[in-house]
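Subject: Structure for you to look at

Hello,

Please find the sequence and structure below. My notes on what turned up follow after that.

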Amino acid sequence: MKQYVKRSLVALIIVSCLFALGIGTWYCVFNPRRFMLKSVADYTAFQTVSTKSEAEREMNDILNHIKSRHPKCMDGLPAEVAAQRDTEVAAFGSTVSVMELWQAASRCVALLGDSHTFVRAFEETPNVLPHGTFQMKHGVLTFGEGEHKGKKIRSIGGVDTHALFQNYKKQYFHDMDGAAELDFALDIHEDFRLRCLGAAFEGNRVEIIYEEGGGSAAAVYTYLPYEKTSDTSANEKPRFVSYTVDSQNSIAIFTLQSCVNNEEYKQTVQDFFADVREQQIQTVAIDLRANGGGDSGVASEFLRYVDVDSYIGYGRYAIRYGPYLKKVDEQSVFQNSGYGETRYRGDLYILTSPATFSAASSFTEIMVDNGLGKIIGETAGGVPTCYTEVVAFQTPKVKLYFQLSIKACKRIDESKLQEPLTPDYPVDAEDAVAQLYAICGKSLPE
């Protein structure tokens, strides 16, 4: 009996050890979210310097995380990324600032060709210009607001705007040029991002050369510390989901500015379709023009109210588990648990812009590739065949933030595998609603 108990105890210990070993191996080797960032630590000032060897270790930390998790790196870092890494490290001086490290690491990571994988640096209280000062479209940077509104900008801080934009694209990969232009114009509202691209400042002032009367003129802009307004109403977070119903023209527009699949979203969808049904609306548009992504589950919740029995929710994909790439070679067909006779049966349109990205692009893809709706506006900033599902980290010393993708997705309609989400009715994004009304043979209400 004692021998039996002893053997049982030994067996239990062995099983427990094997179980613990299996759990540890899963977490430390195979789990793609192992050691991911739980919360962002304090940022390190841009002027902070490291030694060359410390900077090299920070760079390697970023690239080793990518190499061990990204689907494109099953055979190691792509040759062009590794070569760029060697070039950047060789160019390091005896000391390397946080900004220099950020620039170097970004140029390496951008060569992956993944718009979800990037390195970012932040400032606690950046110096900024008012939102909307700049805008860029079709390769032309202009003033978006103020006394020089609409005038073409030739250079900022002594650097030609084309060169600034090219520097930006070397540091951040975008699926579409329209998305790159949008982000570039937004980013240079913060002085440290503009400095990172090579613009020269005098203190917190920068000279901007712009076109004026067939020649050029100069203006000096001052970047001021960012402070939240004391007006509490202005600080209130705007609703991310809303809708309008034009019963006279039988058109309803559902506006989603962020893909958040919470109770507020679900209730708003329910209320929207209740009003659509009650007022017998014939045309519904989903406005995703300002939506940068989030939770892709918003699409399936919306489609519960649409007359479709089943649809393909996403195409084939592969996800990285340590040294193993799990491939799913079947498309995922969703059976719609909708609301029977109350489902919407009218026309559906999706309004898109270069700001339509990630989960918002996925929403658009589901609608279009299942033949449920048509696109009005500009080509979406995100493409359907892409890398996605990100995990985030910070480097150990200077706390540079970086994120990377662990999943590779293919477009639902594989006959358009490498194509972007091209509009059926191409117009400037700001004219999409007017175009919607025109398609319906209606005039846009004043």
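Arg 120 lies over the face of Phe 118, at 6.0 Å from the ring centre. A charge is taken to sit over a ring if NZ of Lys or CZ of Arg is within 6 Å of the ring centre and within 35 degrees of the ring normal. Lys 407 is placed over the face of Tyr 314 likewise, at 5.4 Å from the ring centre.

This is a predicted model, in which local features need pLDDT of at least 70 and side-chain atom pairs count only at pLDDT 80 or more, while totals for chains, interfaces and linings use all residues. Residues are numbered from 1 along each chain as its sequence is written, and side-chain values use heavy atoms, with hydrogens and water left out.

On aromatic pairs: the whole structure has 23 of them (rings of Phe, Tyr and Trp, the last by its six-membered ring, with centres within 6.5 Å; planes under 30 degrees apart count as stacked, over 60 as edge-to-face and the rest as tilted). Tyr 243, Phe 254, Tyr 265, Phe 272, Phe 273, Phe 302, Tyr 305, Tyr 344 and Phe 363 are linked by ring pairs into a cluster.

Next, the sheet. Helices (H or I, at least four residues) and strands (E, at least two) are DSSP runs numbered from the N terminus, and two strands pair if DSSP finds at least two bridges between them. An open sheet of mixed pairing is formed by six strands, in the order β12-β13-β14-β19-β20-β23. Its edge strands, β12 (241-246) and β23 (425-426), each pair on one side only. β20 (residues 374-377) pairs with β23 in the parallel sense over two bridges, and Ile 376 has Tyr 425 in β23 as its bridge partner. Helix α11 (residues 359-369) packs on this sheet, touching β13 (251-256), β14 (283-287), β19 (347-352) and β20, and its direction makes about 145 degrees with that of β19. Contact means heavy atoms within 4.5 Å; axes are lines fitted to C-alpha atoms, for helices over the stretch in contact, with angles from 0 to 180 degrees between N-to-C directions.

Elsewhere, β9 (residues 205-212) and β10 (residues 215-222) pair in the antiparallel sense over eight bridges. Val 206 has Tyr 221 in β10 as its bridge partner. The two strands form a hairpin with two residues between them, and Gly 213 in the turn has a positive phi of about 55 degrees.

Regards
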